Amino acid sequence: MVMPADTPRRTARGKNPNRSREHNRRVVLDLLRSQGRTGRRELAELTQLTPQAVTNIIDDLIAADLIVIAGRRRIARGRGQPPHEYEINPAGAFTIGIELAVTRMVTTVVDLAGELLHRDVTAIAEGGPATLLPAIGTRVAQLRADHPGRLMGLGLVMPGPFEIEGFSGVGPTTLPGWAGIDVAADLRDRLGVPVVVENDANAAAVGETLLGVGKEMTDFCVVYFGTGIGLGLISEGRPVRGAFGNAGEIGHIVVTPGGRPCPCGQHGCLERYASLHSLRERLADDGRVLSVDDLDTLAPEGDPVVAAWLEDAAAHLSPMISILENVFDPQTIILSGGLPPACLDAIIARLSFGPSVARRSDRMVPPVIRGQSGLLTAALGAAALPLHEAITPRLDLSDLQETTLKGSAP
Ligand SMILES: [Zn+2]
């Protein structure tokens, strides 16, 4: 995607004097991941680290198997051999992503370059932690045996919200029985690797920053169609979680006062119109059952029930899009999740945009675009979580001022 020249980029600066070696490693890794093969001199220019600091980091990263020499620069700048260029070593490490949903567990394995190495889907009969936590432990042990290289971490996606009594911790779109359990700590003890637990929308948003259309962006929203509907928010390159981990719970915001009753006790929540669950209800009224396998074949055109749902979903989602634009002023809003690409495109085509801060004439990216789509979306996002934790530099205030005020001038 072509970005406007003044768009803030995710590139952080290195820190030369006595600053964190770990931060500098992340800056270099992140650059190599997003830019592809790059030489020392260019890395030093981009990070504003000294050539010696870059050389030390490159040696570290090669020793850790995280990067490799990609070859020599194709055009020599001076006399002698052209300098080496470096790139991410895809086989150097891998991450595992697991999505726990109400009826299934989706597992993905991705390499350091974000390539999918493995996927599988298992049906879940009983969603309690007493059976599922050991099951995850066993599954991860099997995957480690199957894949050479270092396991960088596990990302686990579960539907939120977390620990909200009497709100939406009830109903068909949440997992029962998990309240009060420190899932990340339990799995860290079992597996001995970093574990990141997120809701599906935040994981999808992190997935877009590392593996998807959000690669070049710093500030964007992901509206995620899971069983319910959620919002993942990336601000300054990092997910916004809120004080208690529940930022982005847009599913139970009332968009139609006095509308359809919701298990949360309100009427007219967004989730009652724009979610997979609401689509399933529409189809059930028509005597049809929508299974996971049917999802990818769901056709927006030519199916009157699906078409009616798409209209209804878009109509109720439109005011939420306008709220997100005006509250967050994002570079774009990405629709993603467990719907097939054609359905997400159909919803985007049916959105009606009112006046908002996003109606600018100089836009290079449309206000709403489609991101990752289909059954694997959340599990891929889950696999991106430990990768993000391990390699993405934190933009602190001084970095931010530099990157946003000066833009991406090389
Ligand atoms: Zn509700």
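## Buried and exposed residues

A residue is called buried when its relative accessible area is under 20%, exposed when that area is over 50%, and partly exposed in between. Arg-272 is therefore buried, because its relative accessible area is 11%. The structure described here is a predicted model.

By the same cut-off, buried residues account for 51% of the 410 residues in the chain.

## The chain as a whole

The chain contains 12 helices and 13 strands. Contacts between residues at least 6 apart in sequence were also computed, and 65% of them join residues at least 24 apart.

The chain has an accessible surface of about 17,800 Å². Carbon and sulfur atoms contribute 54% of that surface.

## The zinc site

Four residues coordinate the zinc ion: His-252 through ND1, and Cys-262, Cys-264 and Cys-269 each through SG. The distances run from 2.0 to 2.3 Å. The angles among the four donor atoms are 102 to 122°, and the site is tetrahedral. Along the chain, the donors of the zinc ion are spaced as H-x9-C-x1-C-x4-C. His-252 and Cys-264 both lie in the loop between β11 (238-239) and α7 (276-285), so this pair ties together parts that are 12 residues apart in sequence.

Are His-252 and Cys-264 buried or exposed? His-252 has a relative accessible area of 10% and is buried. Cys-264, at 12% relative accessibility, also counts as buried.

## Salt bridges

The whole structure holds 16 salt bridges. One of these pairs Asp-120 with Arg-139, whose closest N and O atoms are 2.6 Å apart. Asp-120 is in strand β6 (residues 116-123) and Arg-139 is in helix α4 (residues 129-146), so the pair, 19 residues apart, links distant parts of the chain. Asp-120 is buried at a relative accessible area of 16%, and Arg-139 is buried at 17%.

A second salt bridge joins Asp-186 and Arg-190, with 2.6 Å between the closest N and O atoms. Both residues belong to helix α5 (residues 183-191) and are four residues apart, about one turn of the helix. Asp-186 is partly exposed, with a relative accessible area of 23%. Arg-190 is partly exposed too, with a value of 42%.

Is Glu-281 buried or partly exposed? Glu-281 has 29% relative accessibility and counts as partly exposed.

## Positive phi angles

Gln-48 is not a glycine, but has a positive phi of about 60°. Gln-48 is found in the loop between α2 (40-47) and α3 (51-63). The relative accessible area of Gln-48 is 41%, and the residue is partly exposed.

Which other residue has a positive phi although it is not a glycine? Glu-236 does, with a phi of about 50°. Glu-236 sits in the loop between β10 (229-235) and β11. At a relative accessible area of 35%, Glu-236 is partly exposed.

## A nonpolar surface patch

Ile-323, Val-327 and Phe-328 make a nonpolar surface patch of about 270 Å². Ile-323 is placed in helix α9 (residues 304-328).

Definitions and conventions. Residues numbered from 1 in each chain as written. Predicted model: local features only at pLDDT ≥ 70, side-chain atom pairs only at ≥ 80, totals over all residues. Heavy atoms only, no water. Patch = residues over 30% accessible without salt bridge, like charges linked within 9 Å, V, L, I, M, F, W, Y side chains within 5 Å. Areas by Shrake-Rupley, 256 points an atom, 1.4 Å probe, with all protein chains shown as cover. Salt bridge = Lys/Arg side-chain N within 4 Å of Asp/Glu carboxyl O. Helix = DSSP H or I, 4+ residues; strand = E, 2+ residues; numbered from the N terminus. Buried < 20%, exposed > 50% of the residue type's maximum accessible area, 1.4 Å probe, protein only. Contact = heavy atoms within 4.5 Å. Donors = N, O, S within 2.8 Å, 3.2 Å for Na, K, Ca; no water. Tetrahedral: all angles 85-135°; square planar, octahedral: opposite > 155°, others 65-115°.
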